[in-house]
Amino acid sequence: MAFGVVGALLSAQRKMVSLAGQAGMGLLSAQYPDDFEHYVFSLDLVDSSSRLVYSFVFPVNPQNVVINHPTLWTVKRSNQGVAAIGTPAFVPFEISLSGTFGRQLKLMESPGAVLNAQGFVRQRVIRDFDTSVKTGYGCVKVLEKLLAYSRQLDDTGNFYRLLFTNMSFNQQFLVVPTGNYTFSVSAESNMVYAYSLTLKAIAPANGLLTEEQTRKRIGNIMNANTITEASNILADAARGIVSDLLP
Amino acid sequence: MAAKTMTAPLALVYSNNKVVSLLKNFSWTETLQRQDVRELGNLMTVEVPAVSYSGTFSADSSMPFSLESPLFDGQVNRIAQNNLQYQDTVTLLNPSFVITILKKEVANIIITANGQELVTGTQNLIFAVITRAFWDSENFSIAEASVGSRNISGRFLDPILYVQ
């Protein structure tokens, strides 16, 4: 009996290692999202028609993520007994993120618009340094712009929307920044900006997107993550080249 | 020449182009503090950006013996007339000093009649310069059967650059 259990475990482990080796943990997670996690986080700005404006795949994952579900039930005590009141509807919950993006250059590939001094635009402006390469500070500025845009109106007069994807917990939600969000730097972490933000999940993302849109979006996030991971090595070299060009 | 072992170093303290102290022992430590940038899902540290620089030194000297002469020009002058003068010097001037480390090099060499080399002249070349140095503590000790010695330790603000 015991041998059978151990054998099943070893078999599952072999299968997992084989699949991870062939396709990577990303695809393993995409295929079995509730069995294998993949540490990728993304904040996507979409317009009111759910068209992607900008996809921000965290180039350095947060250092801390807290998912805080509120109590679903309200319990009332009466003279005759106890009444519990619940709801089958979606209950909004909080997601807190904090971390830093370091200081080195990161490759930020987004299939949507690019971010420059004018905001999120579809066309690059010639005086942009390089909208797809960001320092840690630049990444924080992207995050700041995304949160600011979520309070603005798009061309049709409706609010932009923020979609938060947490592949490490298989979550995709429409979120709004409800709590304070802070960006901080101090002498102890000189020239390295840290962020801390609280988002409130107000609806599952699959209620907004079609299955095709969801699949495409996850594909984009995975691609961007792969590019970002590879680019962390290249960024060191790029940084050297940039330094050489400076007077 | 540069690859040679430094066997005859001299740590002289210069002030106004004259030597004010000769140090017996001298050591410095430069420290770069770095911040670990870590992320969820990754065992390795992503990067370690430098966030601060600090430099400290300690120096021992057996000369000059007089306590009235500061070991480093810019140190607190102990011939202050009263406590207030001492405090005013520390708070208002807070002067820094420069430590220059020299190395002894062969300046002239001749071949003697028996064919052997003979050093007939040496020169002191600047090896490293420590600028904007400040003292933090000073210690004086005297013991039986030994000369009195003074030790000071402090910090410097600029990175040490070798003089080529």
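This is a predicted model: local features need pLDDT of at least 70, side-chain atom pairs count only at pLDDT 80 or more; totals for chains, interfaces and linings use all residues.
Local features need pLDDT of at least 70 and side-chain atom pairs count only at pLDDT 80 or more, whereas totals for chains, interfaces and linings use all residues. Residues are numbered from 1 along each chain as its sequence is written, chains are lettered from A and ligands numbered from 1 in the order in which they are written, and side-chain values use heavy atoms, without hydrogens or water.

**View 1. The interface of chain A and chain B.**
Chain A brings 20 residues to the contact and chain B brings 12 (contact: heavy atoms within 4.5 Å). Together the two chains bury about 1200 Å², with 55% of it on carbon and sulfur atoms. Buried area is the accessible area (1.4 Å probe) that two parts lose on being put together, summed over both. V60(A), Q63(A) and R103(A) supply 31% of what chain A buries here, more than any other three residues.

The rule finds 1 salt bridge between chain A and chain B (a side-chain nitrogen of Lys or Arg within 4 Å of a carboxyl oxygen of Asp or Glu). K106(A) and E47(B) form a salt bridge, N to O at 3.0 Å.

**View 2. R51(A) and D47(A).**
These side chains meet in a salt bridge at 3.0 Å, N to O. R51(A) is exposed, at 52% relative accessibility. D47(A) is buried, at 5%. Buried means under 20% relative accessible area, exposed over 50%, and partly exposed in between (1.4 Å probe, protein chains only).

**View 3. R38(B) and D36(B).**
The closest N and O atoms of this salt bridge are 3.7 Å apart. R38(B) is partly exposed, with a relative accessible area of 39%. D36(B) is partly exposed too, at 40%.

**View 4. D136(B) and R155(B).**
Here a salt bridge has its closest N and O atoms 3.0 Å apart. D136(B) sits in strand β6 (residues 117–141) and R155(B) in strand β7 (residues 149–156) of chain B, so the pair ties together parts 19 residues apart in sequence. D136(B) is partly exposed at 40% relative accessibility, and R155(B) is partly exposed at 45%.

**View 5. The elements of chain B.**
Chain B holds 1 helix and 8 strands, in the order β-β-β-β-α-β-β-β-β from the N terminus. Helices (H or I, at least four residues) and strands (E, at least two) are DSSP runs, numbered from the N terminus. Of its 164 residues, 24% count as buried.
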